[in-house]
Amino acid sequence: MSSRGAASSSGGPQLGTSDSSKRISKKPKYSRFTQQELPACKPILTPGWVIATFIAVGIVFIPIGLASLFASQRVVEIVHRYDEECVPPIFSGDQLAFIQSSITNKTCTKNFTVPKQMKGPVYVYYQLDNFYQNHRRYVKSRSDKQLRSKAGELDISTCKPEATTGNNSPIVPCGLIAWSLFNDTYGFSVKNKVLNVSKKNIAWKSDQEHKFGSDVYPKNFQSGGLIGGGKLNASIPLSEQEDLIVWMRTAALPTFRKLYGKIETDLEANDEITVVIQNNYNTYSFGGRKRLVLSTTSWIGGKNDFLGIAYLTVGGFCIFLAIGFLLLYVIKPRPLGDPAFLSWNRNPSGIMN
Amino acid sequence: MSIVKQDWLVRNELDPNRLACPNPKADVNQDNIQNLGVFPLLYQEGVQNVLLSWFQFLGWAFNGVLNAILIFFFCSRAMEHPAFRKGGEVAEFEILGTVMYTCIVWVVNCQIALSTNYFTLKNHCYIWGSIISWYIFLLAYGAMNPIISTTAYKVFIEACAPAPSYWLLTLFVVITSLIPYFTYRSIQLWFFPMYHQMVQWISKDGQSDDPQYCQMVRQRLLRPTTVGYTAIWRQHPNAF
C-alpha cells in the first residue's frame, strides 16, 4: 500500500505534467504500528477476573506464609546481652575508663541454658546496636585496591584519617572500617568440655578469593595513638583473616549481627553452657549495645517471623477482598457496560433539564 | 474544536445513512478505528482533558510514594538481623540494596502491565524484557572484575539467588505493592468507568453489533457543556 508519489484522489484540477511529477502526497506511509492495527490482546478487569485474582493470591500466599512461619518457629535462638553485665561493679559509674584501660581484666564468665535441642551447626553471632556502619564517610573509608593485592598498597587516598602512620608509611589495611574491627572473643564449654568454635568459612567465598589478596599482610595496623578495635596478626595474609573480612562487609542498618563462628556439634536441651567473654570492644562511648547470639538455621534462614506473618496477613486480606467483591457482585449486580447506572444518567429526563 | 470539525461529528452521529455499525467482516484488530467510527465522542475525552487531570496525577504520585514505603520497609524488616540463608549468612548493605532494587524493577514493570489496556507484542517484549534484563545485568555486572563492580561483585549469583527468602520476599513485595492500584482500578472500572473503558467493554461483549444499543450509549453519554456541539444542539435543537 505505497502512497508516496500517488496523486491525491480528492479532486482538484489536473495540473501540467511538469508539476504532477513533483506533487508528493502527504498521506503518511502506512504501517501497522502507525495505524494502531497491531495484533493485541485487550484484557478487561471484569468482576470475574478480579475475584479470581484475589482468590488465587490468597490461595498461594497462605500456604507459603504457614510454611515460612513454621520454619522460623522451629529455629532455636539464644540472645544474651552482656555489655552491661560484663563491666565489674567498681567501674559501673565509669565504663569508658574500664574499657579503655589496658590493665583492667576484661574476662567475663556467663552461664545460660539451652531451651530446646539445637542441631548443629549452631551459628555464633555478635550483635551490635546503635552502631552506624552505614554512615557515608565510614562506608567510603576503605581501599579495595589495597586489600586486593600488594601492588595497591599505596592507594590510600580514600582512607583518611586512618591512611598513614606518623612517619607517612601506609597502614595496611587502611581506613576506618578496618580500624574499628570488633575484637571481643567468646569461648564456650558445656559440662566442662570445651566446645570447638570453627572460624573457617564464615566469610563469603567471593570475598576470600577475589577481594582480599593472599599476598597482602597487615602493616602498621593499630599503631597510632587512638586504638579503634582489634589488632591483626601480621604474619597471616588478609585472605585468611576471616574476622576482618566479615567485619569489612558493612551492615545496612544500625542494628546488625555478624557471624563469629560455628559450633559443629549438637546442643541438647537443658544443657548449661558456660561462655568466657573477653569484653574488649568499646561500645560505651556512643551508647552502643553488645549481644551474643547462638542460633540454628532453617531453609529460610534465622528466626525471623516477619515473612511468614506478612504472607499470612496479605493472603488473608486478599481472601477478604475477594469475598467483599463477590458479595458486591451478588447484591448489586450491574450489567457490564450498562450506562444506565452512571451517576449522571440516573435522572430519567437526561440532559434536557 | 472548530465548527467545521463539529459538523463532521454531527453528521456522523445523526446522519441516518451512516448510523451504523461496523462491517462484521472487518478484522477484529481494527477495533479502535471501528469504535471511533461508531462512537466519535471518544475524541472528546482528549479535548476535555479527562485523562490527565490533577486528580490522576496526584493519584499516581501517591501510588509511587506508597510503593516506595512498602518496598523499603518490608525489605529492611525481612532482612533485618537474623540470617537470611541456611548457611547462616547475614544480609549486608549490598544484599539489601540488590533485593530492594529487584523489587523496584518488578513493581514498576508490573504497574505498567496493569495499567496497559492494549497489549501488543512490543508491550510484552519491553515489559517482561526489562525484568529479564535486570537479572542479566546483575549476572553480567557481578561477573566483572571487583575493581569495576566493587560491591556488586557476585552479589546475585552467590548471595541472593540460592536464598529462598530472596525470591519469596520479591514475590511478596511485588504483589503487596500492586494490590492498592489493582483494587482501585477494579472499583473504578466496575462502578465509575470512563467512556473509553465502557466502549471497550461493550465491543468485547459483542454489543457493538447492536445499532440500537450503540445509539443508546451515545445518547446517554452526552454531557452538557458550554462549548462544543452539545451546546449548539441545545440552543438550536432544530438546526440538525
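Trainee: Which residue's side chain meets that of A:R249 in a salt bridge?

Mentor: This is a predicted model, in which local features need pLDDT of at least 70 and side-chain atom pairs count only at pLDDT 80 or more, while totals for chains, interfaces and linings use all residues. Residues are numbered from 1 along each chain as its sequence is written, chains are lettered from A and ligands numbered from 1 in the order in which they are written, and side-chain values use heavy atoms, without hydrogens and water. A salt bridge is a side-chain nitrogen of Lys or Arg within 4 Å of a carboxyl oxygen of Asp or Glu. Here the partner of A:R249 is B:E94, at 3.5 Å from N to O. Chain A and chain B have two salt bridges between them.

Trainee: Which elements give two or more residues to the side of chain A that touches chain B?

Mentor: Helices (H or I, at least four residues) and strands (E, at least two) are DSSP runs numbered from the N terminus. In chain A the elements are β1 (40–41), α2 (47–74), β4 (122–129), α5 (144–148), α7 (205–211), β8 (256–263) and α9 (306–331). The most comes from α9(A), with 11 residues.

Trainee: How many residues does the contact take from chain A and from chain B?

Mentor: Contact means heavy atoms within 4.5 Å. Chain A supplies 72 residues and chain B 77 residues. Buried area is the accessible area (1.4 Å probe) that two parts lose on being put together, summed over both. The two chains bury about 6,900 Å² between them, and 67% of that lies on carbon and sulfur atoms.

Trainee: In which sense do β1(A) and β1 of chain B pair?

Mentor: Two strands pair if DSSP finds at least two bridges between them. β1(A) and β1(B), residues 119–120, are antiparallel, with two bridges. A:A40 has B:T120 as its bridge partner in β1(B).

Trainee: What is the order of the five strands in the open sheet of chain A?

Mentor: The order is β2-β10-β4-β8-β7, with antiparallel pairing. β2 (77–81) and β7 (197–198) of chain A each have a single partner strand, so one side of each has no neighbour in the sheet. β2(A) is joined by five bridges to β10(A), residues 289–295, and A:H80 faces A:L292 there.

Trainee: Where in chain B is confidence lowest, and where highest?

Mentor: pLDDT is the predictor's confidence in each residue, from 0 to 100. Helix α1 of chain B (residues 3–14) has the lowest mean, 38, and helix α5 of chain B (residues 93–115) the highest, 93. Chain B averages 77, and 69% of its residues score at least 70. Residues 1–30 of chain B stay under 50. Where pLDDT is low, the predicted coordinates should not be read in detail. The model scores ipTM 0.82 and pTM 0.79.
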